[in-house]
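Trainee: I've got a chain open on my screen and I'd like to learn how to read it. Could we go through it together?

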Amino acid sequence: MENMQRILTGTFQINTWIVPLCENKVFVVDPAACITTGDENAIIDYLKYNDLEPVGFFLTHGHFDHITGTAPLKAEWTNAPLACHKADCKIAGENAFSAQAPILQYMGLLEMLPALKDLPEPDAPLNGGERLNSVFGGTHLSDKVNDCLSSWLVIHTPGHSDGSCCLYNEKQKTLISGDTVFFRAWGRTDLPGGNEKKFIKSLKCLKDSLPDDTKVYPGHDAYGFTLGKDLELIFKFLL
């Protein structure tokens, strides 16, 4: 998708995606900009400079490195929902500091703890299977915007975390994969909520249900590769 904008934010330089809809409306995936790295206003500045209005913020999962930019965004756009799978909501909001402190200690990243204080609670808990018009849409938006949102499907892909999700657009054959699928790699399973058996099942689900020529936009590193060829290589290692 040529118009999808990537902004590298946060400690791990997350691929934060600004996803265009129509008119000047967008939604934001995995806002990681934070005080620790001094880029807490990077996403806001980009949106305002380009006269873009976010209709919502989507977390592919609740791990610390993907959520630290939610507070400034929700403070700026209070009516835009923050969506996260219900299984990860408990670690992505007010409880993020206490829930993820052991992870940061384990990884030697305690300097990131202040960025997890006072994060907003997700106000759009997901089950998987939703279309984004039911999550971010409504009568406050035009029919065109709601129609654009309806093209995006939430796919629950547990394994990296309990609540890991991908977003799929059938019309554009585009998958925003978070930490589920990377270029010739997959997400780690050694953090809380990680489960290798669930992960393999999730990858098989993507392989069996989506076209091989689906373009993948992950949470880290390279993007725009095709799903089928990538998963073919991944399963050579996994199985």
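This is a predicted model: local features need pLDDT of at least 70, side-chain atom pairs count only at pLDDT 80 or more; totals for chains, interfaces and linings use all residues.

Trainee: Okay! How many helices and strands are there in the chain?

Mentor: Both kinds are DSSP runs numbered from the N terminus: helices are H or I with at least four residues, and strands are E with at least two. Going by that, the chain has 7 helices and 13 strands.

Trainee: What radius of gyration does the chain have, next to that of a compact globule?

Mentor: The radius is taken over C-alpha atoms, and the globule rule is 2.2 Å times the number of residues to the power 0.38. For 239 residues, the rule gives a value near 18 Å, and the chain agrees with it, at 17 Å.

Trainee: And what share of the residues is buried?

Mentor: Buried means under 20% relative accessible area, exposed means over 50%, and partly exposed is in between (1.4 Å probe, protein chains only). Out of the 239 residues in the chain, the buried share is 54%.

Trainee: What part of the contacts joins residues 24 or more positions apart?

Mentor: A contact means heavy atoms within 4.5 Å. Take the contacts in the chain with a separation of 6 or more; the part from residues 24 or more positions apart is 65%.

Trainee: How far apart are the centres of the positive and negative side chains?

Mentor: Lys and Arg count as positive and Asp and Glu as negative, while His and the chain ends are not counted. Each charge is placed at NZ of Lys, CZ of Arg, CG of Asp or CD of Glu. There are 21 positive and 30 negative side chains, and the distance between the two centres is 7 Å.

Trainee: Let's look at a helix. Which residues of α1 are buried?

Mentor: Helix α1 covers residues 42–49, and its buried residues are Ile43, Ile44 and Leu47. They span an arc of only 100 degrees around the axis, so they sit on the same side of α1; the arc is that of the directions from the helix axis to the C-beta atoms. In general, an α-helix has 3.6 residues a turn, so residues three or four places apart point the same way. The names you want are Ile43, Ile44 and Leu47.

Trainee: Which elements cover that buried side?

Mentor: Several strands and a helix are involved. What covers the buried residues of α1 includes β1 (5–9), β2 (14–20), β3 (25–29), β4 (53–58) and α2 (70–76).

Trainee: How about α5, which residues are buried and what do they pack against?

Mentor: In α5 (residues 143–150), Val145, Asn146 and Leu149 are buried. Their arc is only 100 degrees around the axis, which puts them on the same side of α5. On the other side, Asp143 and Lys144 are exposed. The buried residues pack against β3, β4 and β7.

Trainee: Is glutamate 23 buried or exposed?

Mentor: Glutamate 23 is in the loop between β2 and β3, and its phi is near 55 degrees, a positive value in a residue other than glycine. Its relative accessibility is 54%, so it counts as exposed.

Trainee: Which residues does glycine 163 contact, beyond its neighbours within four places in sequence?

Mentor: Glycine 163 is in the loop between β7 (152–156) and β8 (165–169). It counts as buried because its relative accessibility is 0%. Its contacts are Thr60, His61, His85, Ala87, Asp88 and His156.

Trainee: Threonine 157 is in the loop between β7 and β8 too. How far is it from lysine 215 in space?

Mentor: Threonine 157 counts as buried, at 2% relative accessibility. It is 58 residues from lysine 215 in sequence, and C-alpha to C-alpha the distance is 17 Å.

Trainee: Last one: which residues does serine 177 contact, again leaving aside neighbours within four places?

Mentor: Serine 177 is in strand β9 (residues 174–178). With a relative accessible area of 0%, it is buried. Its contacts are Cys165, Cys166, Val216, Tyr217 and Pro218.

Methods: Residues are numbered from 1 along each chain as its sequence is written. Side-chain values use heavy atoms; hydrogens and water are left out.
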